[in-house]
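Here are my notes on the sheet and the helices that go with it. Have the model open while you read.

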Amino acid sequence: MNTTAPGTASLVIAPQWIGDAVMTEPLMRRLHARGERLTVGALPWVAPVYRAMPQVAEVVEFPFQHGGLQLRERRRLARELEGRFNTAYVLPNSLKSALLPFLASIPRRVGYLGEARVGLLTHRLKNPKGKPPMVAFYSALAGEPGVEADRPRLALAEGEAARVAAAQGLEVSGYYVFAPGAEFGPSKRWPSAHYAQLATQLDAPVLLLGSAKDGEVCEEITQAVAAAGAPDRCRQLAGRTSLAEAFALIAGARAMVSNDSGLMHVAAAFGRPQVALFGSSSPLHTPPLSDAATVIWLKDDPAYQPPLDCAPCFERECPLGHQRCMTDLDPARALQALAGLQALPAMPSDSVPAPSA
């Protein structure tokens with residue numbers, strides 16, 4: 001049961017992955033609706049997600065790196081935050097993520113049990129068994145019922161999608177977006193040759209988005225499309241845009257095709273038509289929560305033989321070495337799914353500026 005009083009100043013410790021951050025938006029909406037003023041503490045590469053949530057009043061970028069306790073930096077930041085907050089919501093399950101609210105002496109600290117952090121939290125939820133839907137997993141921290149139907153929503157400043165598209169010489173709905181990367185590992189990636197074949201069959205330019213780590217696979221796609229006789233069809237932008245610019249390009253796309261990745265959840269939160277390709281992971285756990293999304297997963301196809309008894313394995317690399325779950329997902333199937341998507345819906349009328357940090 002929720003016991004937080006209206007007007008509470010709350011600190012939210014954000015997850016470290018973009019997709020997870022998107023899936024926390026319904027929690028932000030719930031907390032804001034009951035009168036809590038929200039400050040989100042996030043790593044720099046996740047912070048732009050929260051700037052696209054109008055419910056968030058302030059974003060504090062953490063000076064932490066992947067791995068390591070970095071206790072000195074946490075103590076220093078805790079001294080700066082001490083006395084500012086009544087409640088903290090610790091979204092990751094790690095020990096180090098719960099340290100900052102504890103060191104800052106925030107009286108009420110809410111989170112899931114995990115990594116022997118019982119003494120660091122004052123209000124603890126038991127971790128559900130298996131792999132539950134992640135949006136409901138985060139929303140449950142609000143202590144309210146009915147979280148199963150929660151869906152993330154993101155907002156842009158009015159005209160932002162058109163402005164960023166124009167900088168690329170394009171118009172809203174005049175291009176497709178592919179997000180061929182997957183931070184978790186290669187087992188979640190559709191082959192670059194499949195993306196290239198799909199791109200050659202589309203009727204508009206394709207923007208390839210992702211982090212700098214995705215640059216190599218995006219370059220493979222670009223070169224393959226050029227070799228097929230369409231040198232101007234693909235534009236490699238992985239690592240060449242800010243995350244905020246990538247959000248705007250996704251929000252203005254005619255449709256998007258992606259693996260199960262953070263940008264897949266961004267497209268869903270903007271309500272863009274999309275085709276989401278699943279293999280080693282499960283759409284029962286992290287689906288794109290949008291009526292405009294079509295999921296393709298060979299595990300669900302009774303006509304596909306032999307059945308994918310190995311899926312979902314949730315491994316970074318295919319433990320059997322064949323990765324049939326992705327390689328056997330034919331580009332023609334993705335093209336058919338794209339053709340079946342509804343016409344581009346209007347940009348939401350409530351796309352208002354998110355408060356700046």
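1. Start with the open sheet: six strands in the order 9-8-7-10-11-12, with parallel pairing. Strands here are DSSP runs of E, at least two residues, and helices are runs of H or I, at least four, numbered from the N terminus; two strands pair if DSSP finds at least two bridges between them. Strand 9 (234–236) and strand 12 (293–297) sit at the edges with a single partner strand each, so one side of each has no neighbour in the sheet. From one strand to the next, the twist averages 20°.

2. A word on ground rules. This is a predicted model, where local features need pLDDT of at least 70 and side-chain atom pairs count only at pLDDT 80 or more, while totals for chains, interfaces and linings use all residues. Residues are numbered from 1 along each chain as its sequence is written, and side-chain values use heavy atoms, leaving out hydrogens and water.

3. Look for Val 206 opposite Cys 234 in strand 9. Helix 9 (residues 215–227) packs on the sheet and touches strand 8 and strand 9, contact being heavy atoms within 4.5 Å. The direction of helix 9 makes about 155° with that of strand 9; axes are lines fitted to C-alpha atoms (for helices, over the stretch in contact), and angles run from 0 to 180 degrees between N-to-C directions.

4. How many residues of strand 10 are buried? Five of the five in strand 10 (residues 255–259) are, so the strand is largely enclosed by the rest of the structure. Buried means under 20% relative accessible area (1.4 Å probe, protein chains only). Ala 255, Val 257 and Asn 259 point one way, Met 256 and Ser 258 the other. In a regular strand, side chains alternate between the two faces of the sheet.

5. Strand 10 pairs in the parallel sense with strand 7 (residues 176–179) over four bridges, and with strand 11 (residues 274–278) over four bridges. Val 177 stands opposite Met 256, and Val 275 in strand 11 is the bridge partner of Val 257.

6. Now for a helix pair. The axes of helix 8 (residues 192–200) and helix 13 (residues 331–339) come within 9 Å and cross at roughly 45°. His 194, Gln 197 and Leu 198 in helix 8 meet Pro 331, Ala 334, Leu 335 and Leu 338 in helix 13.

Key
Buried means under 20% relative accessible area, exposed over 50%, partly exposed in between (1.4 Å probe, protein chains only).
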